[in-house]
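Below is a short report on a two-part question: how do the chains meet, and how is each one built? Look at the model first, then read on.

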Amino acid sequence: MHPVRKQRLILVLVLVTLSSVAVGFVTYAMRENMDYFYAPSAFAAGEVPFEKRIRAGGCVVPGSVQRAEDSLDVRFVITDGEAELAVVFDKILPDLFAEGEAAVISGRLMQDGTMRADQVLAKHDETYTPPEVAESMVSHESCADGAKI
Amino acid sequence: MIPEFGHFALIAGLLLSIALAVLPMAGSYTARPLWMETGRPLALGVFGFILIAFICLTISFVQSDFTVKYVVQNSNSILPVFYKVTAVWGGHEGSILLWLLMQAGWAAAVALFGRQLPSELAARVLSVLGMVLIGFLLFILLTSNPFDRLIPFPPVEGTDLNPLLQDPGMIFHPPLLYMGYVGFSIAFAFAIAALLGGQLDAVWARWARPWTVVAWGCLTLGIALGSWWAYYELGWGGWWFWDPSENAALMPWLVGTALLHSLAVTEKRGLFKSWTILLAIFAFSLSLLGTFLIRSGVITSVHAFANDPLRGSFILMFLAVIIGLSLLLFALRAPAVSARSVFSFRSLETFLLGNNILLILMMAMVLTGTLYPMVADALNLGKISVGPPFFNLFFVPLTVVLCLLLGMGIHANWKDSRWDKLLSAWRLPFLAALIIALVWPLAFDHYHWGGVLGIFVGAWVFTSSIGDILVKTRNADSFVAGLKRQRPSYYGMHIAHIGVAVVVLGVVMTTVYSVEKDLRMGAGDRYTVAGYDFEFGGIRLVNGPNYRATEGILHVSKDGEPVAELLPQKRNYLSGGNTMTEAAIDAGLFRDIHVALGEPMDPTNPSGDWAVRLQYKAFMMWLWLGALMMATGGGIAVADKRYRKAKAARQVSVSGKVATA
């Protein structure tokens with residue numbers, strides 16, 4: 001084969017191999033690392049897998065935040081206006097976390113039906129409700145409006 | 001009156017941009033030197049008007065003119081003057097105005113410093129920039145006018161600048177980032193002009209290169225500042241979250257880095273020409289995509305301001321037009337600029353090709369991870385988020401391969417290298433890096449094999465660069481004489497590469513050896529983290545210029561010797577709004593001590609127990625230092641005389657052309 005053509009053939013083969021490896025790798029990585037979002041009603045309906053990394057969101061039920069006496073452990077309940085979900089967390093809550101406000105939680109659903117949170121995100125300013133939470137609310141409104149009902 | 005002046009200045013700028021987009025371009029096709037010459041004054045004029053608009057908005061802020069809606073939304077009469085000025089770009093409309101100022105500034109810089117450019121090329125470059133300016137001026141005038149008034153009933157007080165942005169880091173982060181984003185429009189304009197002219201030679205590459213390097217350097221610093229700001233201002237010690245807003249800046253950076261290296265091949269060897277053009281188009285398109293992602297509100301982040309769907313659709317249309325037209329032009333004209341040549345697998349060209357493929361792969365993966373949740377949402381496949389594990393899974397191994405190739409490629413020659421020479425050039429740096437990697441972790445309390453690999457990768461880049469400098473100076477009379485013989489661009493390259501090594505080492509060390517503890521602490525409680533003793537001295541109240549703060553007192557000591565007194569705060573701004581966490585950091589070359597205050601365990605009793613996060617961050621400063629070295633390297637490379645010689649060479653050839661004509 002002509003050396004130029006041979007070189008080009010090798011180059012093409014290398015590129016094809018590299019890109020198929022890359023595509024396979026990405027597909028695998030995607031499947032393993034996607035976190036699905038569920039509203040509390042989905043938990044109540046039993047649609048949520050146990051022990052898998054997921055995200056949940058809703059409004060923190062006023063009066064539901066309970067703290068431990070001697071550690072950072074905290075327990076609270078979120079709602080989408082229909083169902084409720086209990087969440088436990090053992091790190092520092094974000095600044096904007098508050099009762100009656102929206103929160104998005106990533107973590108795992110435990111066998112006892114509570115969610116163990118790795119991370120709690122609160123909305124980042126007072127007028128903003130995360131779109132996932134707003135859409136999952138039964139009334140399709142923000143937490144403040146939901147609380148008034 | 002002042003806001004109206006600003007508004008009129010923007011409209012005048014738009015009219016001049018239209019002239020800039022049409023006249024020089026038409027002149028270049030009809031051989032009318034006078035029309036082509038209008039490019040320079042028009043570009044300067046556009047810049048002048050946008051500068052006037054920017055100054056008008058700044059004056060409105062400093063005077064706290066609360067009849068202007070944008071000022072109301074982003075300022076407050078008790079805001080320190082310093083922050084009143086930076087509040088100009090604290091919101092969406094002002095950010096776009098800053099973007100425009102940069103865009104027009106770059107065009108004006110081309111007009112000023114590009115006097116030696118062949119007139120046809122200069123005319124076309126400026127016209128393309130004029131078209132981009134039209135797009136952004138229409139955007140600001142139609143959807144995001146910062147000069148909108150609240151008349152006849154203006155409020156007496158403004159809402160305040162988002163407290164997150166009341167921070168010195170915020171003064172430079174957006175301007176630098178925009179300098180980078182917008183700077184890629186110059187490479188883009190050069191690429192389009194080359195396609196139009198069907199001519200892409202070493203002289204063209206020598207022209208496009210310094211502009212790209214400067215833009216890339218600004219983007220590097222902008223990203224580093226953003227990361228630094230997240231590290232100390234968002235309060236919790238993280239420095240990279242794979243947040244869409246970060247990815248939006250990282251993607252053009254990755255392509256920009258690929259473009260730098262591809263331009264080197266185009267300049268030195270006249271190869272990769274159409275690839276270089278494609279990268280220039282992509283780098284700018286990704287900058288626009290980043291703007292779209294952040295400004296349209298399709299993603300949730302600190303940067304998502306109250307949004308208007310019209311803005312998103314406008315940028316998306318603009319993006320579609322720019323990408324569509326430039327790719328169409330590319331398809332039609334690329335064959336005219338491509339070159340054929342042969343190079344061996346052992347050549348520098350091959351290594352740079354590898355660099356380009358890897359960087360583009362990294363960009364493609366970041367793009368996939370960033371866009372997939374949006375696509376899935378649009379197709380009703382569920383609400384998905386792609387977390388850091390996905391990004392780390394591919395980004396880390398690809399970076400490892402990229403760095404290994406970097407260290408190998410430094411020693412390769414253009415066209416072909418000999419295996420025995422390459423192997424002997426690799427041997428010593430390899431051994432040195434291996435020893436560093438095996439010995440360094442001994443200084444820490446646990447030996448971590450992932451850490452050893454990471455250190456090896458960083459050290460390999462470092463030792464290879466040093467090795468190359470030693471080889472290049474070997475034949476000189478003395479080491480210093482050898483150093484003097486090398487050009488600035490050579491040192492720029494090595495400084496930037498060593499910057500990469502420093503960043504890699506910083507990332508590895510901070511990932512492997514940092515310690516983080518969330519604790520509940522009352523006054524007098526002690527805790528030890530990574531050998532440092534922390535004693536909580538309780539809290540006190542402090543008053544700032546426009547906030548009240550609860551300040552925690554932490555005495556840090558090591559082996560009985562006091563190290564620092566850290567004062568993390570929880571701030572409540574007087575204008576209302578949210579409580580802010582202000583971390584306290586004792587920074588050092590080899591470790592940062594990072595302390596942040598959480599919340600009182602019992603809100604009714606603030607003098608009781610508090611949630612406190614204590615962190616030992618190993619080698620944190622290396623991330624920022626490395627980024628600084630990368631940008632500095634770029635700056636030194638641009639200072640190379642070669643880029644000025646290019647002008648002289650071109651002058652000769654232009655005059656030659658005139659003579660033959």
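The report goes from the model's conventions to the chains, their interface and selected sites.

## Model and conventions

This is a predicted model: local features need pLDDT of at least 70, side-chain atom pairs count only at pLDDT 80 or more, and totals for chains, interfaces and linings use all residues. Residues are numbered from 1 along each chain as its sequence is written, while chains are lettered from A and ligands numbered from 1 in the order in which they are written.

## Chain A

Chain A holds 4 helices and 7 strands. Helices (H or I, at least four residues) and strands (E, at least two) are DSSP runs, numbered from the N terminus. Along the sequence the pattern reads α-β-α-β-β-β-β-β-β-α-α. Of the 149 residues in chain A, 32% are buried. A residue is buried if 20 or more other C-beta atoms lie within 10 Å of its own, exposed if 12 or fewer, and partly exposed in between, with C-beta atoms placed from the backbone.

Take the contacts in chain A between residues at least 6 apart in sequence: 53% of them join residues at least 24 apart. Two residues are in contact if their C-beta atoms, placed from the backbone, lie within 7 Å. Strand β1(A) runs parallel to strand β2 (residues 53-60) of chain A, and 3 bridges join them. Two strands pair if DSSP finds at least two bridges between them. A:F37 has A:R55 as its bridge partner in β2(A).

## The A–B interface

The interface brings 28 residues of chain A into contact with 29 residues of chain B. On the chain A side, α1 (3-33), β1 (34-38) and α3 (131-136) each supply at least two residues. α1(A) gives the most to that side, with 8 residues. By class, the chain A side has 15 nonpolar, 4 polar and 9 charged residues. Ala, Val, Leu, Ile, Met, Phe, Trp, Tyr, Cys and Pro count as nonpolar, Asp, Glu, Lys and Arg as charged, and the others, Gly among them, as polar.

Strand pairing also crosses between the chains. β1(A) pairs with strand β1 (residues 384-386) of chain B in the antiparallel sense, over 3 bridges. A:Y36 stands opposite B:I384. A:M34 has B:V386 as its bridge partner.

Chain B is divided into domain 1 (1-166), domain 2 (200-414), domain 3 (418-514) and domain 4 (515-619). These bounds come from an automatic or database domain assignment. The C-alpha centres of domain 1 and domain 2 of chain B lie 26 Å apart. Their contact takes 8 residues from domain 1 and 11 residues from domain 2. On the domain 1 side, helix α7 (residues 119-143) of chain B has the largest share, 3 residues. That side has 3 nonpolar, 5 polar and no charged residues.

The largest nonpolar core has 237 residues. Such a core is a set of buried Ala, Val, Leu, Ile, Met, Phe, Trp, Tyr and Cys residues joined through C-beta atoms within 7 Å. Those with the most contacts inside the largest core are B:V46, B:A107, B:A187, B:F190 and B:A280. Helix α9 (residues 202-232) of chain B gives the most to this core, with 19 residues. Beyond four places in sequence, B:A187 touches residues including B:W211, B:L259, B:A280 and B:F284.

Helix α11 (residues 273-295) of chain B has 23 residues and reaches 33 Å from its first C-alpha to its last, close to the 33 Å expected at 1.5 Å a residue. The expected span is 1.5 Å times one less than the number of residues. Since 22 of the 23 residues of α11(B) are buried, the helix is largely enclosed by the rest of the structure.

α8(B) has 29 residues and reaches 43 Å, close to the 42 Å expected. It is mostly covered, with 23 of its 29 residues buried. After α8(B) comes B:G198, whose phi is positive, near 65 degrees.

## Two partly exposed sites

B:G197 lies in helix α8 (residues 169-197) of chain B. It is partly exposed, with 17 other C-beta atoms within 10 Å. Beyond four places in sequence, B:G197 touches B:E120, B:L121 and B:R124.

B:S344 sits in the loop between α12 (309-337) and α13 (348-378) of chain B. It is partly exposed, with 15 other C-beta atoms within 10 Å. Leaving aside neighbours within four places in sequence, B:S344 is in contact with B:K415 and B:D416. B:S344 and B:S417 are 73 residues apart along the chain, with their C-alpha atoms separated by 8.0 Å.
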